[in-house]
Amino acid sequence: MGLIGMFAFLQVYSVQAILPVLITDFSATEVQAGMVVGATILAIAIMSPFLGMLSDAVGRKVFIVGALLFLAIPTALIAQSPSIGWMGVWRFLQGFSVPGITVVTIAYIGEEFEGRAVTELMSFYVSGSVLGGFMGRFLLGHLHELIGWRAGYYVMAAMTLLGALWVTKMLPASRQFVANPNFRSAIQTLGEHLVNRYVVTACLLGACVLFSLVGCFTFINLHLADTPYELSTGALANIFAVYLIGVIITPLSTTLLRRFGSARTVRVAVVVSMLGVLLTLVAPLWGVVIGLAVMSSGVFITQSATISYIAVNVKKGRSLASGLYYMGYYAGGTLGAWLGGITYARGQWSLTVWLLLFVQVLALMIASFGMIKTKSKAA
């Protein structure tokens, strides 16, 4: 589960490490650069519910493998991009396949396992996704310095193909999956989810979480590439090593969930994340790095708790519920890329920080008043 999460997110945020280069190469604006990140996220938001419904009818493993195979195609085509606009098109097509991995994997875990195993496997899946987010940025940043970002994307496409072959061989076939090809039933389930407090709260919280993460880790690159830091793409890629803290922190969040429940865990994690964002305003580079580490740790714990909240409390139409969650989650990320670009263009990093804090206050309110304050059933 951890490695599936890694392959799913290897491509999603990789472009963040080379944003300063793209602005120079394509004579692009901050908003255009942000929307190159947002293009993939927007496609994921659009496709998540539909691929969840389709997976309920077709199956789990075939979807995950097929999505990884498709993902390699636009990844390779990015290398041929003649403009920032075409790069956005290929990035958008990348996002079409990601929900076939993410949404379906969460449904697979919810069906094949129960109790404590669900919470633990979810935390490993999130850890893998964190690792993939780091690896994508880290590899592309250093590949650009070695062979250029265009050739680097060919390498990334090859890695995705290897991931598809690995999942084909290693992932056990579903045993508990029951096909539901009835479209009318799926629409009825969709209507039930739209008024389900568990699902709606998780979707809103997820939107705030990814808004913060995308807004922070997209535009901190432009901030650190500018004076007084003037970091290279390789140095920017190294900054993303703070993501690795999330690989360790997320499995440990299982203990917090068992002891305090989802609602309390999320509230504490959001406050921690807010403190991290404020720390990025510290002038020395080491202060910025510590701030990013603290901020991302809070976000990863929030994400793990929110996904477990759905897996434990939603029993019917799990992949559709996961799809709706990811729709809200990635819609928030798209807004983070767009509004973050506008904010950064007007007030640089200091104004962007205040935008992120505003969204995190919203997340705190949602967790405080929206989440049902009970301990996780997985306990």
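**Entry 1: surface patch.** I looked up the nonpolar surface and found a patch of about 550 Å² made by Val271, Leu275, Leu278, Leu281, Leu351 and Trp354. I note that helix 12 (243-279) and helix 14 (318-369) are the elements that give two or more residues to this patch. Helix 12 gives the most, with three residues. Patch members have over 30% relative accessible area and no salt bridge, with nonpolar side chains (Val, Leu, Ile, Met, Phe, Trp, Tyr) joined within 5 Å and like charges within 9 Å. A salt bridge is a Lys or Arg side-chain nitrogen within 4 Å of an Asp or Glu carboxyl oxygen. Areas are Shrake-Rupley values with a 1.4 Å probe, and for residues only the protein chains shown count as cover. Helices are DSSP runs (H or I, at least four residues) numbered from the N terminus.

**Entry 2: basis.** I am reading a predicted model, where local features need pLDDT of at least 70, side-chain atom pairs count only at pLDDT 80 or more, and totals for chains, interfaces and linings use all residues. Residues are numbered from 1 along each chain as its sequence is written, and side-chain values use heavy atoms, without hydrogens and water.

**Entry 3: single residues.** I checked Leu278 in helix 12; Leu278 is partly exposed at 38% relative accessible area (buried is under 20%, exposed over 50%, partly exposed in between). Gln360, in helix 14, is buried at 3%. Beyond four places in sequence, Gln360 touches Ser212, Val270, Ser273, Met274, Val277 and Met295 (heavy atoms within 4.5 Å). Ile249 is in helix 12 and partly exposed at 23%.

Definitions and conventions:
Buried < 20%, exposed > 50% of the residue type's maximum accessible area, 1.4 Å probe, protein only.
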